[in-house]
Amino acid sequence: MIKLAEKVVTWARTKSPWIIHFNTGACNACDIEIVAALTPRYDVERFGVVIKGTPRHADVLIASGPLTKQQNDRLVRIYEQMPAPKFVVAVGTCACSGGVFHDCYGVLGGINSAIPVSAYIPGCPASPEAIIDGVVKLLSSLDPKEEKAAK
Amino acid sequence: MGKVTIPIGPQHPALKEPESFAVTLDGEKIVSMVANLGYNHRGVEKACEGRTYTQALYLIERICGICSHTHSTCFIQAVEEIAALEVPKRGLYIRTIVAELERMHSHLLWLGVAGHEIGFDTLLMYSWRDREAVMDLLALLTGNRVHYGMNVLGGSKRDISPEQAKQILKVMDVLEERTKYYIQVATEEVTLIKRLAKVGTLSHDDAVKLGAVGPTARASNVDRDTRRDDPYAAYAEVPFKVITDGHNDVYGRTLVRVGELMESYKMVRHLVKNLPEGPIAVKAPRKVGPGEAVSRYEAPRGEDVHYVKANGTEKPERVKVRAPTLANVQAVAKMLENGYLADIPIVIAAIDPCFSCTDRTTFAVKNPDGKAAGFIDWKSLREYSIKWHKNNGVDFSKMRIKIK
Amino acid sequence: MNEQEILQKLSSKFPFLEGKGRVARARRIFCDVPNASFREVIDFTIKELGFSILTTMTGVDDGETLGFIYHFASNNGMMLNLKISAPKDNPVIKTVTDLFPSAEMYEREVEDLLGAKVEGLKPGRRYPLHETWPEGQHPLRKDWTYVKPAVSGK
């Protein structure tokens with residue numbers, strides 16, 4: 001019984017991940033590309049991706065931007081509010097490592113300085129195609145059938 | 001109902017940048033608002049002091065992802081002035097073409113964001129689809145959709161080939177038709193007018209006193225545009241109209257931006273058709289200065305000002321950036337005075353906030369009796385706003401003019 | 001009025017400004033002004049010379065002193081950049097927010113990033129540094145260097 005429930009939940013999560021987006025101090029280029037991924041040209045909604053407003057309903061946290069000191073606590077708070085299992089996608093070079101701002105005094109580094117990251121999507125900015133590619137790769141790594149096939 | 005303070009932000013899905021506003025309410029009416037800015041503060045100005053001019057150029061470009069060419073050009077203009085470099089005409093024209101393309105993508109982006117804020121998501125989808133035509137052009141000319149890297153100390157990094165020029169002209173024709181349609185919707189669709197008119201009013205005198213810039217100021221009949229008043233790049237050789245409007249509200253700001261889109265198409269056509277022959281850049285020295293310069297640029301959001309001080313080495317002594325949103329932010333509190341809670345999303349979106357440029361500040365709100373009351377996140381505020389206006393007769397599903 | 005005429009008008013009204021100004025290029029004038037006479041000078045430049053727009057104010061670390069450059073503009077695109085200085089061990093300047101409400105953010109910025117003291121600036125939240133930023137640390141001072149704290153990835 002539990003196995004079945006697990007299977008349903010995983011199916012729901014991989015077929016329709018609910019996403020929350022947070023900008024930790026970016027220049028917004030990646031954020032615009034994330035929104036562009038929703039628009040007709042790229043249309044990430046066909047993958048079942050839905051953007052939610054609150055962390056309590058989200059499966060995946062999409063974070064962009066280098067981690068600034070101000071945003072550190074808030075990012076951790078949002079991550080903690082997400083129910084498990086949860087995944088974090090770092091979009092853009094800045095979110096991966098701090099990027100071009102890595103040695104600026106307001107910046108702590110990439111977002112993995114604060115929370116564990118499941119997938120890194122580099123790029124300055126990460127193009128919508130790269131974002132979709134990254135999200136799809138993350139989802140298929142969650143799907144147990146795919147995992148078996150990969151093994 | 002007594003006064004309630006509602007902090008909004010800094011995590012909210014609609015406005016893509018982290019900022020926080022605190023609003024004090026009396027029932028549904030806004031009593032006061034303060035902004036806390038600083039969430040995006042990265043320390044770019046200090047970082048520039050430790051980088052060479054070329055390294056600093058790439059860093060400054062990434063201050064903002066929507067107006068990256070703005071900051072890049074504004075900065076490099078100041079350095080070129082100190083180094084007494086004369087950029088060849090063709091280089092200036094290419095810079096200007098990319099500048100106007102950036103203005104186009106920014107205004108189309110704004111149109112979509114504004115639509116999203118008022119619950120008109122169809123507008124978001126259509127305007128961003130049209131925006132992709134500009135993004136494709138920028139990728140064709142520069143190699144990237146954002147952060148074009150088109151500038152180099154002394155001119156432009158890449159040239160425009162005749163095929164690219166033809167493609168630019170083709171896209172201008174397509175976009176002009178689409179924008180004429182958006183203008184029709186903006187000026188004739190009653191639902192849209194009802195939603196945007198008399199919202200976020202800012203009188204001419206207040207706009208001047210509070211230092212508003214760009215379309216926000218021009219919608220209050222403040223006739224200022226850096227491209228005409230303090231020409232830079234190739235603007236002195238391009239005929240164009242400065243679009244002003246007297247509505248003093250969000251509706252006016254919409255009209256100014258679509259009007260500017262139309263002017264931009266004309267300007268790019270003129271620039272491409274009159275592109276002079278010649279080199280695109282001059283050789284630049286590694287060491288610059290000593291000297292200082294102030295450079296101004298009309299970003300899509302308003303006037304951007306860079307101050308650069310050089311000391312004869314290969315690294316700048318001081319770089320100061322004053323982005324347009326910082327100038328407009330002070331006017332927002334005034335615009336919301338006596339407004340409704342339901343108007344906050346569109347009023348803030350209407351100054352086209354680029355908190356990235358402004359160094360990511362947050363707005364704080366003052367509570368008269370010092371107590372914090374409720375908490376509402378941005379998404380809930382936007383949903384509340386859309387529902388509130390629907391109850392007042394704003395229903396985009398009942399539009400006369402169907403968007404296509 | 002062209003750039004040279006503006007400088008002439010300034011020096012004839014304020015003889016202590018003689019030789020302190022220069023025309024960098026079209027529409028760009030720079031001038032050093034003694035801190036004590038700043039208010040008098042800008043009352044004149046705002047009312048009589050048309051420089052009614054304060055675009056921004058830049059704080060600089062000049063070693064022994066802190067400099068503050070006020071970038072004024074007129075409606076026809078001309079810029080008059082006036083610089084005042086104050087000793088680094090007592091960097092006090094007076095607010096101009098009564099004339100320019102927008103100056104508030106620029107004045108807070110020099111207080112936070114350079115350690116200046118702006119007399120008459122109403123109390124408020126610091127800008128742009130974070131509320132947990134330690135006192136007495138002013139990043140834009142030349143002797144302030146950033147040592148990146150070691151952060152372990154998780």
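Trainee: Where is Arg27(C) found?
Mentor: Arg27(C) sits in the loop that links β1 (21-25) to β2 (28-32) of chain C. Keep in mind that this is a predicted model.

Trainee: What is the phi of Arg27(C) like?
Mentor: Positive, at about 65°, although Arg27(C) is not a glycine.

Trainee: Buried or exposed, then, for Arg27(C)?
Mentor: Arg27(C) counts as buried because it has 20 C-beta neighbours inside 10 Å, and the cut-off for buried is 20 or more.

Trainee: Moving to chain B, what about the phi of Asn221(B)?
Mentor: Asn221(B) is not a glycine, yet its phi is positive, about 60°. The residue lies in the loop between α9 (214-218) and α10 (226-229) of chain B.

Trainee: Why does Asn221(B) count as partly exposed?
Mentor: Asn221(B) has 16 other C-beta atoms within 10 Å, so it is partly exposed. That class lies between exposed, at 12 or fewer, and buried, at 20 or more.

Trainee: Now chain A. How many helices and strands?
Mentor: Chain A has six helices and seven strands. From the N terminus, their order is α-β-α-β-β-β-α-β-α-β-β-α-α.

Trainee: How much of chain A counts as buried?
Mentor: 54% of its 151 residues.

Trainee: Which residues does a cis peptide bond join in chain A?
Mentor: One such bond joins Ala84(A) and Pro85(A), with omega about -10°. Pro85(A) is in the loop between α3 (69-81) and β5 (87-91). Another joins Cys124(A) and Pro125(A), with omega about -5°.

Trainee: And where is Pro125(A) found?
Mentor: In the loop between β7 (119-121) and α5 (128-142) of chain A.

How values were computed:
Residues numbered from 1 in each chain as written. Chains lettered and ligands numbered in written order. Predicted model: local features only at pLDDT ≥ 70, side-chain atom pairs only at ≥ 80, totals over all residues. Helix = DSSP H or I, 4+ residues; strand = E, 2+ residues; numbered from the N terminus.
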